[in-house]
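User: I would like to learn how to read a protein model step by step. Could we go through one feature at a time?

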Amino acid sequence: MELRFDNQTVIALARHYGTPLYVYDQATLEKSAQGLLNFPNAFGLTVRYAMKALPTAAILRIIDQAGLHIDASSQNEVERAMKAGIKPSKIQLTSQELPHNMLHLLLQMGVKFNACSLRQLEAFGQLMKDGPRDHRCLSVRINPGLGSGGSNRTNVGGPSSSFGIWHEQIPQVLKMAKHFGLKITAVHTHIGSGGDPEIWVKIAKMSLEVAKHFPDATTLNLGGGLKIGRMPEEKTANLQAVGEAVKQAFKYFEATTRRQLHLEIEPGTYVVASAGWIIAKVIDVVNTGADGYTFVKLDTGMGEILRPSLYGAQHPIWFVPKATWHDDQTLIPIMVVGHCCESGDILTPKPGNSEELQPRMLPKPQIDDLAVIGHTGAYCSSMATTGYNSFTQAAEVLIKPDGNSTLIRRGQTLEQLTENEL
């Protein structure tokens, strides 16, 4: 991750706001959004931001102003987006849990609904069967039978995934839609696609075959999963290459069926991952002998960044000396760990295996030096394990295009953490 800011800026942010601290760069967010809006397409494009990646209101407003729509994964996310000022008509709900008590109201407000199971489709039909016909339009999420996520925990397609209606149940979907007088105007698939254009073409062709079963569908949503290279050896998805490949598949579909489908994609990581980093402080350095490790402990960890412990995910880490006199850049093998009383609070696990350790070659820091953890804009703040060891939620700061910083979420106090206890 290439920061637009030097070490002195990192030190100044830590001094002013404290640590641990989430920091986001607005210019990077806007650049990512614009790149996605330029995604090649044959017959129109809507980009939905998967807000579960980072739902802070200030971030949502920037993304909304950039021209992206919203993919919400729960009723609370829908309400949170609207509270941030997002128009209901720009929000689509794709959720494992159906908000039975609120669904009718959300639909009346203009929120779009994507049924993710036969049970959800039936509930929507029961709710809307006596309503106006234009209120009986919806999307259905189909599991096409294939997945390609980076690990078994990020794979959202195929027989090992609970997401969507299994493709062999499409006849039941059609029967139920006819029974309730529903009009399926959009088809949604998402398997965790990565950055390989060939995989995206395969997904697009599979999804287009699914769309053939739904003659009223005018939109096909291919989901997200666009790869961001967090580490030097990882490659970021080439949007133009992926988009051109998908575009040709849509054009071929039009040539053979005479149907022009509007394309939707719903990235989360690609929008915000590279725009964020965590600033933390080195609180201890310990050694476990000749056959052990040098452990550098930070005042952050799985509370702010769970991905390494959960997935074995890799994030770049570097140290910022607070004093130049000990700026020794000699590299040694170091294990970077968090401050939780938990053996799994590891920030440098083996890639893809959170249960094994893999030291990084880094310069040995001193106590009170700062550490920067890169590419933490996505699925870090939103997945925080707030409250473990009674550690509180970290603050969030936005760097504006002019370089000035502003607080966009205050850090949580202990009183706020315990305020609901009786």
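User: How many helices and strands does the secondary structure of the protein chain come to?

Analyst: This is a predicted model, in which local features need pLDDT of at least 70 and side-chain atom pairs count only at pLDDT 80 or more, while totals for chains, interfaces and linings use all residues. Residues are numbered from 1 along each chain as its sequence is written, and side-chain values use heavy atoms, with hydrogens and water left out. Helices (H or I, at least four residues) and strands (E, at least two) are DSSP runs, numbered from the N terminus. The protein chain has twelve helices and 20 strands.

User: What radius of gyration does the protein chain have, and what would a compact globule have?

Analyst: The radius of gyration is taken over C-alpha atoms, and the globule rule is 2.2 Å times the number of residues to the power 0.38. For 422 residues a compact globule would have a value near 22 Å; the protein chain has 23 Å, which agrees. The C-alpha trace spans about 75 × 50 × 45 Å along its principal axes.

User: What percentage of the residues of the protein chain count as buried?

Analyst: Buried means under 20% relative accessible area, exposed over 50%, and partly exposed in between (1.4 Å probe, protein chains only). Of the 422 residues, 50% count as buried.

User: Among contacts between residues at least 6 apart in sequence, what percentage join residues at least 24 apart?

Analyst: Contact means heavy atoms within 4.5 Å. In the protein chain, 70% of the contacts between residues at least 6 apart join residues at least 24 apart.

User: How are two packed helices described?

Analyst: They are described by the angle between their axes and the distance between the axes. Axes are lines fitted to C-alpha atoms, for helices over the stretch in contact, and angles run from 0 to 180 degrees between N-to-C directions. Take helix α2 (residues 26–37) and helix α3 (residues 57–66): their axes come within 10 Å and cross at roughly 40°. That angle makes α2 oblique to α3. The cut-offs are under 35 degrees for roughly parallel, over 145 for roughly antiparallel, 65 to 115 for roughly perpendicular, and oblique for the rest.

User: Is the crossing of α2 and α3 left-handed or right-handed?

Analyst: A crossing is left-handed if the near helix is turned anticlockwise from the far one by less than a right angle, and right-handed if clockwise. The crossing of α2 and α3 is right-handed. On the α2 side the contact is made by Gln26, Leu29, Glu30, Ala33 and Leu37, and on the α3 side by Ile59, Ile62 and Ala66. By class, these are six nonpolar, one polar and one charged residues. Here Ala, Val, Leu, Ile, Met, Phe, Trp, Tyr, Cys and Pro count as nonpolar, Asp, Glu, Lys and Arg as charged, and the others, Gly among them, as polar.

User: At what angle do α8 and α9 pack?

Analyst: Helix α8 (residues 197–211) and α9 pack at about 25°, with their axes 8 Å apart. The two are therefore roughly parallel to each other, and their crossing is right-handed. From α8 the contact takes in Pro197, Trp200, Val201, Ala204 and Leu208, and from α9 residues including Ala241, Val242 and Phe253. The residues of this contact divide into twelve nonpolar, no polar and no charged.

User: What about the backbone: which peptide bond is cis?

Analyst: The bond from Thr19 to Pro20 is cis, with omega near -5°. Pro20 is found in the loop between α1 (7–17) and β1 (21–25).

User: What is phi of Arg258, and where is Arg258 placed?

Analyst: Phi of Arg258 is near 65°, a positive value in a residue other than glycine. Arg258 is in the loop between α9 (239–257) and β10 (262–265) and counts as exposed at 68% relative accessibility. Asp368 has a positive phi of about 80° although not a glycine. Its place is the loop between β17 (360–363) and β18 (370–374), and at 39% relative accessibility Asp368 counts as partly exposed.
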